[in-house]
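Thanks for coming, everyone. I'll keep this short. Have a look at the structure first, and then we'll walk through it.

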Amino acid sequence: MQIKFLIAAALAGAVLMASPAFAHRQHTGVTEVNINEQTQEMEIIHRLYWEDLMVALDRDNRDEAAYFASEEGLAEIGVYVSELFRFADSSGLLFETIYIGAEMDGEYAWVYFTAPIPDISAGFAVDNDILSDHFTDQTMMTNLRFSGQVRTALQGPGRRQAIRLSFD
Amino acid sequence: MIAIAAMAATLNVAAAQPIQQTVNDWQDAFRQLEDEDWPSPNGERRATGAPGPEYWQQQVDYDIDVHLDENSNRLTATETVTYTNNAPDELGFLWFLLDQNRFRADSMAVMTETVGGGGRSSARTGAAMPEGVSASSIRRRQQMAENGYGFNITSVTDGNGNAMDFTIVDTLMRIDLDEVLEQGDSVTFTIDFNYLLLETGVIGGRSGWECFEETDATGGDCIYQIAQWFPRAAVFSDYEGWHNKVFLGRGEFGLEFGDYDVSITVPQDFVVAATGELQNAAEVLTDEQRDRFEQSRTADEPVFIVTPAEARANERRGTRSEATWEFHAENVRDFAWAGSRKFIWDSVGVEQDGEGLGPDLVMAMSFYPNESEPLWSTFSTRAVEHTLDVYSSFSFPYPYPTAQSIAGRQGGMEYPMITFNGGTYGRPVVDDDGNLTYSLGSKRGLIGVIIHEIGHIYYPMVVNSDERQWTWMDEGLNSFVQFLAERQWEENHPVRRGDPHSITSYMVSSTQMPIMTQSDSILQFGANAYSKPTIALVILRETILGRELFDEAFRTYARRWRFRRPTPYDFFRTMEEVSGVDLDWFWRGWFYSTDHVDISLDRVIEGTFNTEDPAIENARERAEYQSNPESLTQVRNREEGIVTYAERNNEVVDFYSANDRFTTTNRETEAYESLQERLEDWEADILSSDERLYYLDFTNEGGLVMPIILEFTFADGGSEIVRIPAEVWRYNPANVTWTYLTDREVVSVELDPLWETADADRSDNYFPQRIEPTRLEVYRSSSNSSNMMGDMDLRVSRDSVETQDQ
């Protein structure tokens with residue numbers, strides 16, 4: 001399946017809500033994609049503010065720690081994040097990710113996925129819309145690390161479209 | 001013209017790369033910033049970083065009468081301004097800030113909300129077709145188009161009541177003076193204005209109103225937070241003249257200091273909090289409330305001035321009559337206020353040594369609705385008290401009589417003596433069974449935001465940096481001291497920013513910007529203007545300078561620029577001058593560049609001294625030789641029982657069969673004895689010592705030069721941490737070989753063992769190489785348990801944080 005189709009499909013049913021941008025509270029998140037030579041897999045780790053995630057999941061009236069410790073909560077987090085983070089090779093073929101789990105640490109929510117190591121790592125397409133469906137000012141930074149190099153896809157207000165990254 | 005433009009472009013490129021050479025690729029990471037990137041010292045600002053003997057700044061005093069119409073949500077005010085010109089310049093006109101004009105439908109801020117920038121954008125464009133739009137953003141645009149936000153300036157009149165000319169340029173207003181204002185002279189005039197307040201949750205911004213739905217758990221009614229609400233004099237400074245940067249919504253503001261008398265007319269049952277001290281308590285408070293306030297001045301813990309029960313009763317009462325609250329504030333750069341009939345009010349006196357710079361007693365106070373209980377009465381005013389204690393120790397005594405924390409829709413914003421700390425912070429939740437609980441996140445968030453916003457009263461409300469140009473100067477410095485205060489609140493209190501490893505993702509990203517970027521142009525505002533400068537200062541304190549040098553320099557900066565207007569260069573220079581340490585390399589790397597920290601430990605080679613004694617050295621060489629694997633063919637021959645020719649024919653066995661090349665000869669012994677006679681005693685001592693010399697090779701992968709911190713572990717089980725200053729990179733900022741002399745055998749070396757330098761890649765920090773588990777691997781191997789209140793089947797009440805069984 002091509003990534004453009006998924007983007008369009010995801011947006012077709014989206015009901016977007018906005019929250020005001022507070023002077024000192026930033027809606028930001030980081031996604032790191034690394035190759036783990038030990039486990040021979042690609043690690044995809046999202047770092048979000050758990051409070052924002054709870055709002056996006058419509059669970060902001062719940063005890064977040066209990067939610068993160070529950071099977072129901074972990075499952076919902078996995079489904080939500082996997083739908084809004086799309087990662088493909090240069091031809092647009094999506095990588096099949098495996099949800100590992102999520103945890104809270106301070107103000108952060110860490111959400112873990114893995115995927116097989118790609119055969120070719122010269123070019124990728126990233127579409128990271130996590131939390132942007134609820135916060136119009138949400139900014140997501142995706143760092144891809146391959147062969148000691150880092151390429152960054154920065155998506156935020158006015159720049160939501162998928163981004164191609166090249167390691168050539 | 002074309003040739004000139006081309007030359008200018010070339011020169012600009014060269015100037016942007018001052019450390020890059022033209023004849024080779026060597027870079028001078030330690031090249032000085034003075035007089036190249038930093039402005040020349042002058043009479044106003046010295047090379048020491050201190051204000052000069054000719055330093056000046058303007059004085060602007062305000063007398064304002066304001067009326068809140070609760071039904072129409074409109075503010076109407078009359079503002080009398082007295083402007084004193086202390087500048088050595090004649091002024092024919094004055095500029096004022098009209099921040100509310102940012103919300104006009106035709107403002108520069110609204111008209112530039114489009115693609116690609118860091119500001120609010122309602123449309124998802126950039127592809128062949130627009131991607132979509134949010135319902136709430138359409139609602140926001142509709143309200144801005146239909147409601148007519150922004151100031152209505154109805155008149156500007158001089159002291160005689162005559163109209164003065166004025167011109168509005170987006171969020172700025174120029175008032176033309178009847179006569180030129182000379183140095184030392186003052187002018188007084190009056191501005192009449194009104195504007196419609198915003199619904200904060202819809203429009204955003206830093207002020208407005210929030211109304212509560214009336215339910216069994218909530219009492220309805222509204223909270224008003226009023227800020228950036230009157231025409232305020234723009235800055236006129238020695239280094240920029242008039243500060244004419246339009247307000248685009250992010251770069252907050254720079255202002256002049258002055259005295260304020262403000263009369264606030266609101267519904268009679270409102271409780272009002274404001275910058276300054278209440279002047280007419282006898283008129284707006286009951287006798288009992290005034291008695292409670294007096295008690296709170298010497299109390300050990302916060303005292304309710306308005307109790308939760310009184311606030312609950314108050315919000316359901318309603319009235320058509322009005323009351324006027326009068327406040328006076330001295331030497332402040334702004335004035336904000338909040339009002340609601342929902343407010344609970346608590347207060348406690350905080351004692352301090354004012355040193356003649358501030359009062360010896362500060363009233364810490366909080367105003368909040370019942371919906372925020374029990375968190376706010378437990379933590380808010382105490383967090384204010386803690387903030388004053390820690391911040392004053394790093395700067396100067398708190399200079400004002402009050403420090404206030406207000407709960408409301410605004411998630412975090414600061415003004416002199418008053419802060420807005422609301423949003424979702426500190427509101428407990430009621431579960432489906434009616435149990436009231438709050439999370440660690442709610443508690444942490446509330447304490448964190450209060451420390452941060454009260455901290456802003458020091459930076460920039462007193463240390464008056466220019467927020468519109470350099471956000472990091474107030475957000476970065478304040479977040480740094482916030483980190484110190486949070487670390488002193490409670491052991492293991494979770495903090496958002498400050499620990500160096502948390503910034504590495506941002507610093508390795510290919511979209512990073514330098515900290516020294518103008519506020520409105522910054523992408524990833526939080527990482528750039530808050531986190532990175534915070535962590536840079538943590539590293540400067542803990543790793544580069546040490547606490548004693550850093551704290552003295554940081555405190556000196558705050559005291560030098562208390563009630564004055566510092567620039568980045570005043571901060572940089574003060575830190576260097578007071579600490580006595582050249583830090584240009586540090587400012588360049590952390591504040592001017594997008595380099596990151598990544599040092600690799602490439603190789604470690606052990607060396608021992610050659611004693612020149614053949615009896616020792618030959619034996620050692622023989623042992624080394626014999627430690628190598630024996631010839632595989634020879635081993636296999638022996639295993640097969642092959643007998644060598646010499647073994648079968650003893651007559652070919654000779655002198656050389658019995659003595660290998662490591663046998664000590666008479667000539668070697670004689671040479672050694674001769675050497676011993678020629679050696680000085682100290683040379684002989686070195687040769688006979690058993691010390692080892694280790695050669696360590698490093699590569700600066702990230703580009704940012706930093707100290708090299710090493711932990712050596714020895715064969716005897718001991719260890720030692722060695723700190724090599726950053727100047728080790730001065731000859732070659734890319735590669736360096738450093739030596740370590742010890743009498744102990746080293747078995748391993750770790751680079752940055754305490755994770756204190758923000759090293760982005762730790763996989764190359766070990767000798768011998770070690771593979772650290774990734775965060776995901778650690779997660780897989782750990783249990784994920786919760787110990788939170790709800791999981792423990794506990795609950796709290798609105799009255800207390802004491803837990804009870806559910």
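Is Tyr108(A) buried or exposed? Tyr108(A) is buried, because its relative accessible area is 14%. The cut-offs: buried means under 20% relative accessible area, exposed means over 50%, and partly exposed is in between, with a 1.4 Å probe and protein chains only. Tyr108(A) sits in strand β5 of chain A, residues 108–115. Helices here are DSSP runs of H or I with at least four residues, strands are runs of E with at least two, and both are numbered from the N terminus. Now take Asp52(A). Tyr108(A) and Asp52(A) are 56 residues apart in sequence, yet 9.6 Å apart in space, C-alpha to C-alpha.

Some ground rules. This is a predicted model, where local features need pLDDT of at least 70, side-chain atom pairs count only at pLDDT 80 or more, and totals for chains, interfaces and linings use all residues. Residues are numbered from 1 along each chain as its sequence is written, chains are lettered from A and ligands numbered from 1 in the order in which they are written, and side-chain values use heavy atoms, with hydrogens and water left out.

Chain A next. Chain A has four helices and nine strands. From the N terminus, the order is α-β-β-α-α-α-β-β-β-β-β-β-β. Of its 168 residues, 61% count as buried. The accessible surface is about 6500 Å², and carbon and sulfur atoms hold 52% of that. Those areas come from the Shrake-Rupley method with a 1.4 Å probe; for residues, only the protein chains shown count as cover. Contact means heavy atoms within 4.5 Å. Take the contacts in chain A with a separation of 6 or more: 60% of them join residues 24 or more positions apart.

How confident is the predictor? pLDDT is its confidence in each residue, from 0 to 100. Chain A has a mean pLDDT of 81, and 83% of its residues reach 70 or more. Which element of chain A has the lowest mean pLDDT? That is helix α1, residues 3–12, at 34. Strand β2, residues 41–49, has the highest, at 94. Over residues 1–24, pLDDT stays under 50. For that stretch the model has 70 contacts beyond four places in sequence.

Two backbone points in chain A. Gln40(A) is not a glycine, but its phi is positive, near 55°. Gln40(A) is in the loop between β1, residues 28–36, and β2. Ser147(A) is not a glycine either, and its phi is about 50°. Ser147(A) is in the loop between β7, residues 139–146, and β8, residues 149–155. Ser147(A) is exposed, with a relative accessible area of 73%.

On to chain B. How many helices and strands does chain B have? It has 22 helices and 36 strands. Along the principal axes, its C-alpha atoms fill a box of roughly 130 × 80 × 65 Å. Of its 806 residues, 55% are buried. Chain B exposes about 34900 Å², with 47% from carbon and sulfur atoms. Among its contacts between residues at least 6 apart in sequence, 74% join residues at least 24 apart.

Here is one helix pair. Helix α8 of chain B, residues 375–394, packs against helix α10 of chain B, residues 471–487, at about 115°, with axes 10 Å apart. The axes are lines fitted to C-alpha atoms, for helices over the stretch in contact, and angles run from 0 to 180 degrees between N-to-C directions. Which residues meet? From α8(B) come His386(B), Val390(B), Tyr391(B) and Phe394(B). From α10(B) come Asn478(B), Val481(B), Gln482(B), Leu484(B) and Ala485(B).

Now Leu285(B). This residue lies in the loop between α5, residues 281–284, and α6, residues 287–297, of chain B. Leu285(B) is buried, with a relative accessible area of 9%. Leaving out residues up to four places away in sequence, Leu285(B) touches Leu278(B), Arg290(B), Trp325(B) and Trp345(B).

Last, the cis peptide bonds. One runs from Tyr459(B) to Pro460(B), with omega near 15°. Pro460(B) is in the loop between α9, residues 440–455, and α10 of chain B. Another joins Phe767(B) and Pro768(B), with omega about -10°. Pro768(B) is in the loop between β34, residues 766–767, and α22, residues 775–781.

How values were computed. pLDDT = per-residue confidence, 0-100.
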